[in-house]
Amino acid sequence: MESIIQQFAFFQNIPTGAALGLVIFILLLLGYRGAPLWLWTVTGAAVLIGFGSPVWLLTAFIVIMLVFNIKPIRRVLVSGPIMKLLDAMKILPAISETEQTAIDAGTVWVEGEFFSGKPDLKRLSTETFPELTEKEKAFMDGPVEELCSMVSDWELFQRKDFDQKTWNYLKEKRFFGLIIPEEYGGYGFSANAHSAIVAKLASRCGPLATTVMVPNSLGPAELLMHYGTEEQKNYYLPRLAKGEEIPCFALTEPNAGSDAGAMESTGEVFRGEDDNLYIKLNWDKRYITLAAISTVIGLAFKLYDPENLLGKGNDLGITAALVPSDSKGVELGKRHDPLGIPFYNCPTRGKDVVVPLDAIIGGKEGAGNGWRMLMESLAVGRGISLPAQSIGGARTATRAIGAYAAIRKQFGINIGKFEGIEEPMARIGGYTYLMDAARGYICGALDKGAKPAVVTAIAKYNFTELGREIINDAMDIIGGAGISRGPRNIFAHSYIATPIAITVEGANILTRTLIIFGQGAIRSHPYALKEIQALMEKDVKKFDENFWKHIGHVGQNKIRAFLLSITRGWLIESPVAGPAAKYYRKLGWASASFAFMADMALGSYGGALKMKEKLAGRYADILSWMLLAAATLRRYEADGKQEEDRDYFEWAMEHAFYRIQTAFDEIYSEIEVPGLSWMFRGPIAIWSRINRIGRKPSDELGHRVAQAMQKRGEQRDRITHNIYIPESRDESLGKYEYAMEQIEMSFPVYKKLYNATKSGDLRKDHVLKQIEPAVENGIITEEEASQVRSTEEARFDAILVDEFTLEEYEKGTASAPPAGGLTDVRRGKAVL
């Protein structure tokens with residue numbers, strides 16, 4: 001046998017270094033491609049023979065590999081004992097019933113690609129990027145535009161409610177029936193249209209957007225559409241669509257906020273004197289939008305059946321029911337004051353409120369299924385409402401700040417030319433481009449029927465956090481005009497309201513640290529959930545099948561992460577050519593590193609990973625920014641790779657990979673891997689910082705984005721599409737638009753005055769003081785002088801802030817200041 005092996009010891013005929021290099025190359029290739037175990041076995045045997053290994057070593061290798069290749073033997077000798085050990089050590093996290101329901105409620109979408117470590121880039125680049133239908137466009141251009149024109153954000157804040165005309169219009173145009181199917185009197189709009197409508201309303205007035213989005217989000221209509229009985233649908237949906245019923249949904253309680261499963265509201269089944277079944281309800285809810293003016297309450301509570309009248313046991317679990325607001329024992333009529341934002345956010349209580357059994361959504365069959373209903377609805381709704389509000393605000397900020405930076409002058413030049421202003425402007429413009437991309441990308445999935453709970457949690461968290469950065473930057477740029485409230489102020493109310501979006505539908509701290517990666521690492525991982533289920537079910541066959549695939553998955557991603565790092569992603573084939581190609585390669589590189597490090601965390605912490613929230617938050621950041629990057633790449637292609645958008649696109653992509661790099665750096669410095677922590681803190685961390693996957697967008701790139709924001713034209717309209725832009729110069733944004741237009745039209749005249757000043761033909765002074773001598777010296781014409789005067793009047797009018805008499809201020813009423821102020825300007829008393 002030894003002589004036969006020696007005859008085939010082909011490696012002995014070539015230099016040892018070359019032989020070892022060839023073996024390493026082959027092993028890396030097998031690992032990178034994810035070769036099956038049998039191919040590793042054949043390759044390993046060939047390598048041992050090639051080096052002339054002794055018979056005992058070759059025999060031992062073959063025996064061991066046969067054990068692992070023959071599944072029945074492997075299950076008995078290896079997998080079974082490992083399974084018992086893991087179960088005893090509680091290595092993998094146990095899943096509670098409520099957690100299992102939450103996990104089962106959602107579906108896995110493209111986030112699963114990132115956990116694979118080998119994402120299908122072709123799929124990512126061809127996901128649906130939707131457009132509005134003609135019917136949806138008509139609604140946007142008609143009723144939505146009209147509704148925006150009817151509402152004054154400032155007047156709403158003074159009155160604390162919409163006027164009756166606005167309420168009537170909301171009902172007449174069925175704004176509460178956006179998602180209700182046409183057969184029930186609604187519009188049956190897509191998620192994309194729903195999002196676009198809320199975004200446009202938010203660009204005009206935050207409370208208006210909230211009032212429309214809540215009945216179209218998690219609430220009676222949504223739940224009835226998917227889970228209601230035919231009788232419930234036929235009765236309620238037409239009435240909800242017409243606004244004859246005003247719904248609210250009561251979930252949150254004093255002791256059940258983010259932990260909704262801890263609710264203390266109860267319902268008890270009993271048999272009435274008429275021999276019919278009823279439920280006696282008691283609740284204490286808070287933060288319930290529209291509750292005070294509602295006519296029907298969607299109520300979440302824990303249902304008990306002491307006499308087992310339904311035949312389902314005594315403790316049925318969380319249930320959802322519809323309770324008429326005028327039922328005896330219902331307490332309404334009070335409001336909270338959420339930072340002074342005037343939308344109906346209210347407490348509601350109920351004491352021994354009796355409703356028939358068929359008030360349960362879905363009837364008797366819906367008893368105990370409320371948690372599943374809520375989780376499935378949130379898996380969709382989180383990706384629409386609050387992200388839409390955020391992008392509406394972002395587009396408005398991009399448009400308004402771009403104009404303001406071109407209008408406002410300090411130290412003799414437009415503030416948009418200062419680098420200190422350009423930096424936050426670039427963030428505003430870049431984030432807006434990126435968020436708009438993600439909005440369309442995610443809505444495309446929702447419209448295809450996906451319920452990607454992890455992705456919509458990513459959307460809710462990141463849109464509201466980026467929205468917070470945008471509004472902070474906008475306030476910094478406009479300075480005093482931002483802190484002086486009044487009809488002219490575009491940003492103050494959004495700034496005040498920002499913490500509300502951060503808090504609701506899952507507080508952002510919870511969403512980042514527990515949901516995005518906590519659920520994602522289980523639900524979206526190719527093997528983790530199956531392994532956990534196998535352990536819980538004591539299913540050795542299922543465990544064996546998935547555990548060894550998981551081991552191979554870890555090995556493959558370790559090799560892929562290594563090779564993609566040293567080649568900076570160039571081993572990956574991009575699905576597209578052009579500027580986006582390098583970013584697709586980086587995305588594949590980031591995915592491989594993320595998938596490997598995710599498994600390091602799962603293996604190192606096991607069930608304790610739930611409590612490592614700071615570490616989980618950093619993993620959530622990487623997953624989030626990979627998704628946002630993929631969406632931005634898709635948008636750039638869907639928009640036709642327009643060259644004029646390239647600066648926005650590249651800024652967004654550079655920033656995404658910078659954020660990914662930052663999160664990786666923090667993980668390497670904090671992760672505890674038994675026996676290997678030093679390696680992650682030392683060599684790997686150092687290599688990561690040298691061979692960075694991303695850096696901050698350059699100052700030059702930010703400069704180009706900021707300058708693009710200050711130019712009127714088709715690109716600016718496209719970047720800030722679907723917002724309300726008032727035509728009236730009495731409106732603040734209308735003043736900005738008019739002044740910006742005048743400045744651009746007058747630019748050639750200003751250039752003449754500048755050149756004359758530089759050459760010494762005009763004395764350096766305020767432009768209005770240069771006009772008369774410039775006309776006298778033939779530098780400009782009288783018509784051009786008039787044009788400059790009009791421009792300066794528009795400029796001055798645009799930068800004015802609101803002022804009130806003491807009586808007006810005390811009464812909380814307001815009047816806009818008069819336009820103009822040219823007298824003061826001519827006297828040189830105003831700094832422009």
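A disulfide is taken here to be a pair of cysteine sulfur atoms within 2.5 Å. By this rule the predicted model comes to a count of zero disulfides. Two cysteines show how the rule works out. The sulfur of cysteine 346 has its closest cysteine sulfur in cysteine 248, at 8.0 Å, which is too far for a bond, and cysteine 346 counts as buried because its relative accessibility is 0%. Cysteine 443 is likewise in no disulfide, since the nearest cysteine sulfur, that of cysteine 148, lies 18 Å away whereas the rule asks for a pair within 2.5 Å. Cysteine 443 also has a relative accessibility of 0% and therefore counts as buried.

The overall build of the chain comes next. The protein chain has 35 helices and nine strands, and its C-alpha atoms fill a box of roughly 110 × 90 × 45 Å when this is taken along the principal axes. Of its 832 residues, 56% count as buried. Among contacts in the protein chain with a separation of 6 or more, 75% are accounted for by residues 24 or more positions apart.

The buried residues of H13 are Pro207, Leu208, Ala209, Thr210, Thr211, Val212 and Met213. What do these buried residues of H13 pack against? Their partners are helix H9 (134-150), helix H10 (153-159), helix H11 (164-172), helix H12 (191-204) and helix H17 (385-407), together with strand S3 (277-289).

The crossing in which H24 passes H25 is left-handed. On the side of H24, the contact is made by His550, His553, Val554, Asn557, Lys558, Arg560, Ala561, Leu564 and Ser565, while H25 contributes Gly588, Trp589, Ala592, Ser593, Ala595, Phe596, Asp599 and Met600. Sorted by class, the contact of H24 with H25 has eight nonpolar, six polar and three charged residues.

Serine 565, found in helix H24, counts as buried because its relative accessibility is 9%. When its neighbours within four places in sequence are left aside, serine 565 is in contact with Trp589, Trp687 and Asn691.

The last stop is the backbone of two loops. Most residues other than glycine have a negative phi. Leucine 339, although it is not a glycine, has a positive phi of about 60°, and its place is in the loop between strand S6 (330-331) and strand S7 (345-356). Asparagine 722, again not a glycine, has a positive phi of about 55° and is found in the loop between helix H30 (714-719) and helix H31 (732-759). Is asparagine 722 buried, partly exposed or exposed? With a relative accessible area of 27%, asparagine 722 is partly exposed.

Terms used:
Residues are numbered from 1 along each chain as its sequence is written. This is a predicted model: local features need pLDDT of at least 70, side-chain atom pairs count only at pLDDT 80 or more; totals for chains, interfaces and linings use all residues. Side-chain values use heavy atoms; hydrogens and water are left out. A crossing is left-handed if the near helix is turned anticlockwise from the far one by less than a right angle, and right-handed if clockwise. Helices (H or I, at least four residues) and strands (E, at least two) are DSSP runs, numbered from the N terminus. Contact means heavy atoms within 4.5 Å. Ala, Val, Leu, Ile, Met, Phe, Trp, Tyr, Cys and Pro count as nonpolar, Asp, Glu, Lys and Arg as charged, and the others, Gly among them, as polar. Buried means under 20% relative accessible area, exposed over 50%, partly exposed in between (1.4 Å probe, protein chains only).
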